[in-house]
Amino acid sequence: MAASDNPFYTALTMIMSMDQRLFDIVTLSLQVSLIAVLVASLLALPLGAALALWRFPGRNIVIVMLNALMGLPPVVAGLCVYLLLSRAGPLGHWGLLFTPSAMVVAQVILVLPIIAALTRQQVESLHQEYAEQLHSLGLSPLRMIPTLLWDARFGLLTVVLAGFGRASAEVGAVMIVGGNIDGVTRVMTTSIVLETSKGNLPLALGLGIILLSLVTLINALAHVVSEMAKRRLG
């Protein structure tokens, strides 16, 4: 087999030559996942901290549900968002179905429980460690939230990176609510599924290489952050 006929060689050539179609798909994938993780983090970090600090009836049930949602099947999340945003749904008049915005919503639903649950664990552990000092300063739970979130910033950065890894590798939900429309909602994961089924292995391999590299980079960053935190905090 000639090198030019080798799908892997062709995929590397497309990456090195910055093939426009390939990089348009990668760009859209990163935009959707980054926005989703940003929105999820803004909601999940204070939510997780609040669950760690406040005691109220039904708290344990909320924690169990939040932990259970960490394993929410993507297709179920996609179906729920689809029903909400379809024309017959309560939010159908927004016209978001089969747009990148719908994909962001689906990824937020998937990522938010992960970040919130892991944040609760980290903040609760810190609160137990520093409870006497915090109470001696007369801080209310509301005022403790920013203090403890900042103190746990290294660990929480790892949590956010884990959320980004989940979002960037997701396929089921974004395919349902995005429709995998070429040039509009086609991201790396959905493109790999489609191009493989079409027999277009070079593009599928090229996207797979980039996606695998991205996931590896995320895990490397998480490891580096974890090591930095250990050295800094002893």
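User: Over residues 26-222, what percentage of the chain is helix, and how far apart are the end C-alpha atoms?

Analyst: This is a predicted model. UniProt, in an unreviewed entry, places the feature "domain: ABC transmembrane type-1" at residues 26-222. Strand accounts for 0% of that stretch. Helix makes up 79%, and the end C-alpha atoms are 21 Å apart.

User: How far apart are the end C-alpha atoms over residues 61-85 and over residues 154-181?

Analyst: Both stretches are among those that the unreviewed UniProt entry lists as "transmembrane region". Residues 61-85 are 84% helix and 0% strand, while residues 154-181 are 79% helix and 0% strand. The end C-alpha atoms lie 29 Å apart over residues 61-85 and 38 Å apart over residues 154-181.

User: On which residue is the kink in helix 5 centred?

Analyst: Helix 5 covers residues 100-136. Its axis does not run straight throughout, as there is a kink of about 70°.

User: Which residue with a positive phi follows helix 5?

Analyst: Helix 5 ends at residue 136. The residue in question has a phi near 70°, and its name is Gly138.

User: Is Arg120 buried or exposed?

Analyst: Arg120 is part of helix 5. Its relative accessible area is 10%. Since the cut-off for burial is under 20%, Arg120 is therefore classed as buried.

User: Which residues does Arg120 touch, not counting residues up to four places away in sequence?

Analyst: The question concerns a residue of helix 5. With sequence neighbours up to four places away set aside, the residues that Arg120 touches are Gly48, Leu51, Ala52, Arg59 and Ile63.

Key
Residues numbered from 1 in each chain as written. Predicted model: local features only at pLDDT ≥ 70, side-chain atom pairs only at ≥ 80, totals over all residues. Heavy atoms only, no water. Helix = DSSP H or I, 4+ residues; strand = E, 2+ residues; numbered from the N terminus. Buried < 20%, exposed > 50% of the residue type's maximum accessible area, 1.4 Å probe, protein only. Contact = heavy atoms within 4.5 Å. Bend = angle between axes of the 7 residues up to and from the residue. UniProt positions renumbered as here; feature names shortened; annotations may be inferred.
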